[in-house]
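Open the model in your viewer and keep the selection tool at hand.

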Amino acid sequence: MQSKNRHIPIAFAALTLVAGISIGAATQEDEAIDRGKKDFVEVGCYQCHGYQGQGGPGGRIAPKPLPLEAFTRSVRRPANVMPAYSPKVLSDEQLKRIHKYLESIPEDPEVSTLPALSEE
Ligand code: HEC
C-alpha cells in the first residue's frame, strides 16, 4: 500500500506539467491573435476591410483569409488601389499575427440554421 501511493505525487506532478504546457501554448496562440487584432486596427486595415475583415471599400478578407504567402504578397504588393505596406511599416511578424487574427474569425452560420429566418 505504502509503496503504491508513493507514485501518486509523481503522476500528479507529471499531469500538472503536461496541462501547464498545453495551457501555455494556448495562451501564446491567443496572445498572437490579440496582438494581430491590435495591429489590424492600429495599422488601419480595418478602415477598408472592416473590423472583422468582413469587407468594405477593400473587400472581404475573413473568414478564411488567403494562405499566408499569398496574403503577404497582397499586402506587400497590392493589385491596384490598396496602399502597399513595406516591412518597415509592418513587419513579417506583425503580418503573420494579423493573418492569425483573420484566421481566428469564425465563419458565418448557414442561413438555414438561423431560427428567425427558417420559421414560416
Ligand atoms: C485604403 C484602403 C485599404 C487599406 C487601408 C487596406 N486595404 Fe487591403 N485591399 C484594399 C483593396 C481596394 C483591395 C483590392 C486590391 C487592390 O485594389 O489593390 C485590397 C486587397 C487586399 C487583399 C487581397 C484580397 C484578395 O482576396 O485578393 C488582402 C489580403 C488585403 N487587402 C489585406 C490588407 C491588410 C492586412 C491591410 C492592413 C495592413 C490592408 N489590406 C489595408 C484596400 C485596402
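This is a predicted model: local features need pLDDT of at least 70, side-chain atom pairs count only at pLDDT 80 or more; totals for chains, interfaces and linings use all residues.

Is Lys64 buried or exposed? Count the other C-beta atoms within 10 Å: there are 12. A count of 12 or fewer means exposed, so Lys64 is exposed.

Stay on Lys64 and check the backbone. Its phi is positive, about 55°, although Lys64 is not a glycine. Most residues other than glycine have a negative phi. Lys64 sits in the loop between H3 and H4.

Now step back to Pro63, which lies in the loop between H3 and H4. Display the peptide bond from Ala62 to Pro63. That bond is cis, with omega near -5°. Most peptide bonds are trans.

Next, select the ligand and its surroundings. How many residues surround the ligand? The shell holds 23 residues. H3 supplies the largest share, four residues. Colour the shell by class. You get 16 nonpolar residues, seven polar and no charged.

Move on to the helix pair. Select H2, residues 7-43, and H5, residues 92-104. Their axes are 7 Å apart, and the helices pack at an angle of about 105°. An angle of 65 to 115 degrees counts as roughly perpendicular, so H2 is roughly perpendicular to H5.

Show side chains where the two helices meet. On the H2 side, pick Ala32, Ile33, Arg35, Gly36, Lys37, Asp39 and Phe40. On the H5 side, pick Gln94, Arg97, Ile98, Lys100, Tyr101 and Ser104. Which classes make up this contact? Five residues are nonpolar, three are polar and five are charged.

Finally, zoom out and select the whole chain. Switch to cartoon: six helices and zero strands. Along the sequence the pattern reads α-α-α-α-α-α. Colour by burial, and 14% of the 120 residues count as buried. Among contacts with a separation of 6 or more, 56% join residues 24 or more positions apart.

Methods
Residues are numbered from 1 along each chain as its sequence is written. A residue is near a molecule or strand if its C-beta atom, placed from the backbone, lies within 6 Å of it. Ala, Val, Leu, Ile, Met, Phe, Trp, Tyr, Cys and Pro count as nonpolar, Asp, Glu, Lys and Arg as charged, and the others, Gly among them, as polar. A residue is buried if 20 or more other C-beta atoms lie within 10 Å of its own, exposed if 12 or fewer, and partly exposed in between; C-beta atoms are placed from the backbone. Axes are lines fitted to C-alpha atoms, for helices over the stretch in contact, and angles run from 0 to 180 degrees between N-to-C directions. Angles under 35 degrees count as roughly parallel, over 145 as roughly antiparallel, 65 to 115 as roughly perpendicular and the rest as oblique. Two residues are in contact if their C-beta atoms, placed from the backbone, lie within 7 Å.
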